[in-house]
Amino acid sequence: MIGVGKIKQYSNVLDKPLSKGKQEVSLSAFSFLFSELVQYNQTQVDNIAELERRLEDAGYSVGARVLELLCHREKGNRRETRLLGILSFVHSTVWKVLFGKVADSLEKGTEHEDEYMISEKELLVNRFISIPKDMGTFNCGAFVAGIVRGVLDGAGFPAVVTAHFVPVEGQQRPRTTILIKFAEEVLRREARLG
Amino acid sequence: MPTVGPRSGDAIFANVDRVNAELFTLTYGAIVCQLLTDLEEVEEVNKQLDQMGYNIGTRLIDEFLAKANISRCVDFKETAEMIAKVGFKMFLGVTASVTNWDVEGTCCNIVLEDNPLVDFVELPDTCQGLYYCNVLCGVIRGALEMVSMKTEVTWVRDVLQGDDSYELQVKLLKQVPEEYPYKDDE
């Protein structure tokens, strides 16, 4: 047969048609890959904070690209300009595309005006990971925190995003909370927009 | 009662938990970028990707054997068919085929019809020698080593480097018989 196994050549990767986003790979393939990412970074750092930062940076580049992809494909190139809009974009659209379901909850912080929390009973990336006691509060969800930071930054809502384990009564594994702390300018702009 | 035969790649893939391929693609891209920043030399990155793949392969083989329900492969030809038809399908959801067998039956090429690792990817001029998907070579090498086969897996054709398909060459170097770890007379 002519052409079997040959992929159509595009001179420019930008000319290739964008996929519908329905293709899937097995969870194990992703988990193996993620575990290698963590293991590789462990060899490159001396402490937990560095490791979290590196995972976050890796997630940041994923987030920046996810924003571009989803804005184009799911939202027809319209961009969110309001805080609640972008938060609900992350909580619903981004989570649904990346993890197959919307995030478990989105809450506003009670203590500070600029804090919001997205919680998840069990983050996909943490599913096959157990943290040894001597690593303290290390959370591989830092990768997801990086993804969220990448999306928010690209959309014009700079923020500091971190991942935390929150123990839940009656549950053996703690819940993961992604804490988003928006920069001053975002809140000022939001107040101005009324 | 008929024994349960080997399950097809499609059937297994339909039964495992799956994630969006784009998350996988973008995560792999982030890994390659990190490696390029840290190691700077394209050859070093190639080696590191192969090593990561090797680590994955040594663990992936357990899952493969558990889910695929296959009996021992009679010869290397069957092994290659298993990798192409079942292995690639159940982990990456892609169809692959085996071609180009040599006379002794120890060396073949596997052609991938699709490659989720390379969506959205273009190699810049500074990275021309990079085998972006080198992790796949390591995975196959690692997995086969765990079942007593020493192999050499290399890229023959790579779309990112200008060819028209993704083609790997798998060469069986030697079969290492499993060593019985205990002395018989003790």
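Predicted model: local features only at pLDDT ≥ 70, side-chain atom pairs only at ≥ 80, totals over all residues.
Residues are numbered from 1 along each chain as its sequence is written, chains are lettered from A and ligands numbered from 1 in the order in which they are written, and side-chain values use heavy atoms, with hydrogens and water left out.

Strand β4, residues 149-157 of chain B, runs antiparallel to β5(B) and is joined to it by eight bridges; two strands are said to pair if DSSP finds at least two bridges between them. Strand β5 of chain B, residues 166-175, also pairs with β3(B) in the antiparallel sense, over six bridges, and there B:I110 has B:L168 as its bridge partner.

Turning to a helix of chain B, α3(B) bends by about 30 degrees at B:R59, where the bend is the angle between axes fitted to the seven residues ending at a residue and the seven starting there. Just after α3(B), B:N69 takes a positive phi of about 55 degrees.

Chain A, for its part, has five helices and five strands, and from the N terminus on its elements run β-α-α-α-β-β-α-β-β-α. Within chain A, β2 (residues 105-108) and β3 (residues 115-120) run antiparallel and are joined by four bridges, with A:S105 standing opposite A:S119 in β3(A). These two strands, β2(A) and β3(A), form a hairpin with six residues between them.

Now to the interface itself. The contact, meaning heavy atoms within 4.5 Å, takes 47 residues from chain B and 42 residues from chain A. Together the chains bury about 3,900 Å², 60% of it on carbon and sulfur atoms, where buried area is the accessible area (1.4 Å probe) that two parts lose on being put together, summed over both. In chain B, the residues that lose the most area to chain A are B:V19, B:L23 and B:Q34, together 16% of what that side buries.

What do the side chains of B:R18 and A:E24 meet in? They meet in a salt bridge, at 2.7 Å from N to O, a salt bridge being a side-chain nitrogen of Lys or Arg within 4 Å of a carboxyl oxygen of Asp or Glu. Across the interface of chain B and chain A, the rule finds four salt bridges.

On the side of chain B that touches chain A, β1 (18-20), α2 (21-39), α3 (42-68), α4 (76-92) and β3 (107-112) each supply at least two residues. The largest share of that side, 13 residues, comes from α2(B).
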